[in-house]
Amino acid sequence: MAVGFSNTDIHGILSVSGSYNLPTIDTSSTGQLGEIGMSNGVPHFYSDSGWKSISGSNAPQGPQYPFILEYVVVAGGGGGGPGGGDGGGGAGGYRSSVVGESSGGGGSAESTISVSSATTFNITVGAGGAANANGVASSIAASGLTTIESIGGGKGGDWGPWNVGRAGTAGGSGGGGSSGWSSNPGAGAGTSNQGYNGAVGSTWSSFGDGDYNAGGGGGAGAVGGTASAHRSGNGGIGVQSSITGTATYYAGGGGGGIYAEQSPGYTGRGGSGGGGIGAGGGPGISSGESGIGTAGEDNTGGGGGAGYAGGSGVVVIRYEASQQVATGGDSVTISGAYIIHKFTQSGTLVFS
């Protein structure tokens, strides 16, 4: 059994068996010559020149709270409409608190998170939407914290009955509208401080080319591109962040699809930040276009090109520390003064 002594004066000889708990001392106060004690896990003694740490002592210390967390939260991108002539998927919502950077939709950086004691954060990473489906939200949640959530990207518009085109769906960034026979289908709206709108689709006779040209999905950094003659709209560009130590684009919109009755016909490109290429079909597809689109890139929140799924989201959290003080994430890296936890799937970040 350990015996603890506090504020103890010892005269003569002390024989200790087992363990002796040194009293906690305040190194800013005056002590007695020769007095010993513990301060922040390190033993000290009082000398003629005040309190001195005992040479060679390296007692382990716990996390030195508080820590300030910066984050990027990207939701899953929306899927494009189901095929050629349909709209590109909107990018997943993008939120950032990194100092000097911005959130999606032209919003400024959000408030950081202050961690003052042991805390567990629940991290959700949203999946990309299948073709013709919205993306899934990503979030950071903890007791006492207002949940930080990014909205999944809106799906691209698809053809309805009697060749009536449909608008893209609202989301973190909005999906692009499909083409239509006699009306311009509307675009999906983006979410404030997360992403931009998609672009409207065109009518069959808009450009006199006989093509069905769709709008591009919105990105975190720009609206989706509109269609032009023989060409569907590109996806909106994403937003660049250096939270990992490397400048990377996230949340680009998906390109619109085309059904080309006359040559040449070009599908929409994906926006920087993982946006996919729109699908193409019809006899007028250019020899330089395969007509095969692509999905949004995983772990970027990119919108899917028409006919394809959106990319999954990602959550990245960093804090300044000399060593790792939290656990969690699919990877933990160090860049400069920061410890960086990256989540490509749902999990927990634990400060103990």
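Predicted model: local features only at pLDDT ≥ 70, side-chain atom pairs only at ≥ 80, totals over all residues.

A: A salt bridge is a side-chain nitrogen of Lys or Arg within 4 Å of a carboxyl oxygen of Asp or Glu. Glutamate 101 is buried yet forms no salt bridge. The nearest side chain of opposite charge belongs to arginine 318, 6.0 Å away.

Glutamate 101 lies in the loop between E7 and E8. Its side chain does have polar partners. One is the side chain of serine 241, with which it makes a polar contact at 2.7 Å. Another is the backbone nitrogen of serine 242, which the side chain of glutamate 101 reaches at 2.8 Å.

The side chain of aspartate 86 reaches the backbone nitrogen of glycine 83 at 2.8 Å. With residues up to four places away in sequence set aside, aspartate 86 touches, among others, Gly157, Asp158, Trp159, Ser178 and Ala214. Gly256 is another of the residues touched by aspartate 86, and Gly256 is also among those touched by glycine 215.

Glycine 215 is placed in the loop between strand E12 (212–213) and strand E13 (239–241). Glycine 215 counts as buried because its relative accessibility is 0%. Residues touched by glycine 215 include Gly87, Gly88, Gly176, Gly177, Ala199 and Val200, again not counting those up to four places away in sequence. Its C-alpha atom is separated by 7.3 Å from that of asparagine 234, a residue 19 positions apart from it along the chain.

The loop between E12 and E13 also holds histidine 230. Although histidine 230 is not a glycine, its phi is positive, at about 65°. Histidine 230 counts as buried because its relative accessible area is 18%, which is under the limit of 20%. Asparagine 132, in the loop between E9 and E10, also has a positive phi, near 70°. Asparagine 132 has a relative accessibility of 26% and therefore counts as partly exposed. As background, most residues other than glycine have a negative phi, and most peptide bonds are trans. Cis peptide bonds are found here from tyrosine 65 to proline 66, with omega near 0°, and between serine 263 and proline 264, with omega about -5°. Proline 66 is in the loop between strand E5 (50–53) and E6, while proline 264 is in the loop between strand E15 (258–259) and strand E16 (280–281).

The wider setting can now be described. The protein has zero helices and 21 strands. Of its 352 residues, 47% count as buried. The largest nonpolar core has 21 residues, and Phe121, Ile140 and Phe351 touch the most other members. Strands that each supply at least two residues of this core include E6 (67–74), E9 (119–124) and E21 (347–351). The most comes from E6, which gives four residues. Apart from neighbours within four places in sequence, phenylalanine 351 is in contact with residues that include Tyr65, Phe67, Leu69, Phe121 and Tyr319.

Tyr319 is also touched by isoleucine 339, a residue of strand E20. Isoleucine 339 is buried because its relative accessible area is 2%. Arg318, the side chain named at the outset as the nearest of opposite charge to glutamate 101, is another of the residues touched by isoleucine 339.

How values were computed. Residues numbered from 1 in each chain as written. Heavy atoms only, no water. Core = buried A, V, L, I, M, F, W, Y, C linked by side-chain atoms within 4.5 Å. Buried < 20%, exposed > 50% of the residue type's maximum accessible area, 1.4 Å probe, protein only. Contact = heavy atoms within 4.5 Å. Polar contact = N/O pair within 3.5 Å; in protein donor to acceptor, adjacent residues only side chain to side chain. Lys, Arg positive; Asp, Glu negative; His and termini not counted.
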